[in-house]
Amino acid sequence: MGASAFSRLTALLDGVTACEDKPVINLHLGQSNLSDHADTDICFESMRSWQPYPNLGGSVELRRAYINWMLNHNAIGVTPSELDLDKKIEPTPGSKQAIFSILFIAVNRLRNSQGVSKPIIMVPNPYYPTYLSSADFLGAQVLFYNSACDNMVEHIASSIGPHQQRIAAIIVCNPANPTGHIMDYAQLLKLNNLAKEISACLLLDECYIDFYHDKKIDSFTRLSLTEPPSMLCDHVVLHTLSKRSAAPGLRSGFAYGTESLIAKFANFNRTCGVSLSKPVCEISEKLWEDSAFITQQQRALAKNWQLADSILGIFDGYKRSPAGFFIWLNTGNGESFTRSLWRSEAVKVLPGAYLCDDSETFTVGHPYVRIALTEKSEVVEEALLRIKNHLQDTSGSVANLSTQER
Ligand SMILES: Cc1ncc(COP(=O)(O)O)c(C=O)c1O
């Protein structure tokens with residue numbers, strides 16, 4: 001297995017000294033500082049809050065908060081009791097662990113039921129690195145599909161080709177990290193039908209779903225809650241507080257999906273995994289109910305995208321992403337750009353090659369860098385101006401300058 005994207009970045013910048021005249025700006029991580037939490041004291045009265053083992057499955061109040069959030073997000077006007085969702089949800093200590101656990105269940109299911117020795121996991125390219133590492137740890141084969149486009153379902157269908165019987169799971173990140181491409185309801189429905197046809201498990205990572213420009217992004221949960229149950233493929237949708245509530249340190253998210261899969265996931269998590277402690281359940285409940293904070297973040301992010309359009313819009317290599325946190329900027333050579341940008345401008349970004357399989361004919365990552373627009377607008381503006389200067393100063397920039405600027 002290869003080194004993680006961030007270890008590769010550390011190795012790439014080893015021995016390169018950031019320009020000392022300028023304060024360092026880190027835009028390589030998808031960690032939001034767009035809005036600050038109120039400085040409320042959320043310390044617990046005593047160590048006693050940590051003394052008991054966590055409740056398996058979280059608290060009743062937290063589970064209710066998940067369901068309320070799903071119904072609100074999807075504008076579904078029924079009461080939670082009408083839907084009986086309790087067996088379809090389970091807390092998870094962040095989505096990273098759930099990604100691995102769900103894939104583990106899907107891969108084992110295919111091995112045990114069909115005797116497939118090397119099940120396949122379909123992974124978007126570019127990808128979030130945990131997808132690849134999970135497949136690797138599970139001894140599964142990876143089949144990539146192009147996720148840097150708007151017709152991902154067609155790419156998934158054509159990549160499946162002759163492998164139908166061996167596909168354990170299809171992973172979809174909606175909107176995609178890093179490119180921000182979106183699947184709409186019609187595409188999600190096609191995707192559902194495709195997964196149903198080949199009896200694959202659909203794993204939907206929706207951790208950036210709240211970060212859209214104008215139109216709310218459809219969650220697979222809406223489809224799952226509105227289409228006839230007999231039409232639905234086996235699916236699990238993951239949500240996390242790491243991005244929407246800017247709280248990745250909390251390690252708190254939840255999984256929603258097909259009852260049998262959630263039952264297996266819950267069993268695994270409750271016996272071998274990490275359950276959310278009482279204090280974490282209490283904070284999480286408040287965060288799932290707090291829609292004002294996400295609105296603040298959305299406003300701050302919208303301002304950053306406007307800055308990006310106005311500062312980098314002169315470059316052919318720049319295009320506003322359809323959603324999410326990240327600019328996916330074509331610089332000609334992402335690794336050498338990352339090094340020279342760090343040296344001359346003290347701005348840290350992530351080479352696209354670390355999020356792509358470049359052996360594929362599609363979505364080749366090496367010309368790109370990923371730039372996170374997750375800092376306050378003053379910081380982002382300063383970073384983007386430095387990036388602009390650097391693009392203009394380096395020889396590669398000439399090719400990237402749009403014709404009107406040459
Ligand atoms: C696409 C994607 N999925 C999942 C995660 C992990 O989220 P969590 O903090 O909930 O484990 C990240 C984190 O950057 C991500 O970008």
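I began with the shell around the ligand: four nonpolar, seven polar and two charged residues. I count Ala, Val, Leu, Ile, Met, Phe, Trp, Tyr, Cys and Pro as nonpolar, Asp, Glu, Lys and Arg as charged, and the others, Gly among them, as polar. This is a predicted model: local features need pLDDT of at least 70, side-chain atom pairs count only at pLDDT 80 or more, and totals for chains, interfaces and linings use all residues. Residues are numbered from 1 along each chain as its sequence is written.

I then asked which residues come nearest to the ligand. Near here means a C-beta atom, placed from the backbone, within 6 Å.

Next, the domains. The assignment, automatic or from a database, gives domain 1 (5–30 + 292–405) and domain 2 (53–289). Their C-alpha centres lie 29 Å apart. I found 24 residues of domain 1 in contact with 24 of domain 2 (C-beta atoms, placed from the backbone, within 7 Å). On the domain 1 side, α12 (291–312) and β9 (326–330) each supply at least two residues. Helix α12 gives the largest share, six residues. Helices (H or I, at least four residues) and strands (E, at least two) are DSSP runs, numbered from the N terminus. That side of domain 1 has 13 nonpolar, eight polar and three charged residues.

Last, Phe265. I located Phe265 in helix α10 (residues 259–272). Why does Phe265 count as buried? Because Phe265 has 21 C-beta neighbours inside 10 Å, and buried requires 20 or more other C-beta atoms, placed from the backbone, within 10 Å. Leaving out residues up to four places away in sequence, Phe265 touches Glu90, Ser101, Ile102, Ile105 and Ala255.

Methods:
Two residues are in contact if their C-beta atoms, placed from the backbone, lie within 7 Å. A residue is buried if 20 or more other C-beta atoms lie within 10 Å of its own, exposed if 12 or fewer, and partly exposed in between; C-beta atoms are placed from the backbone.
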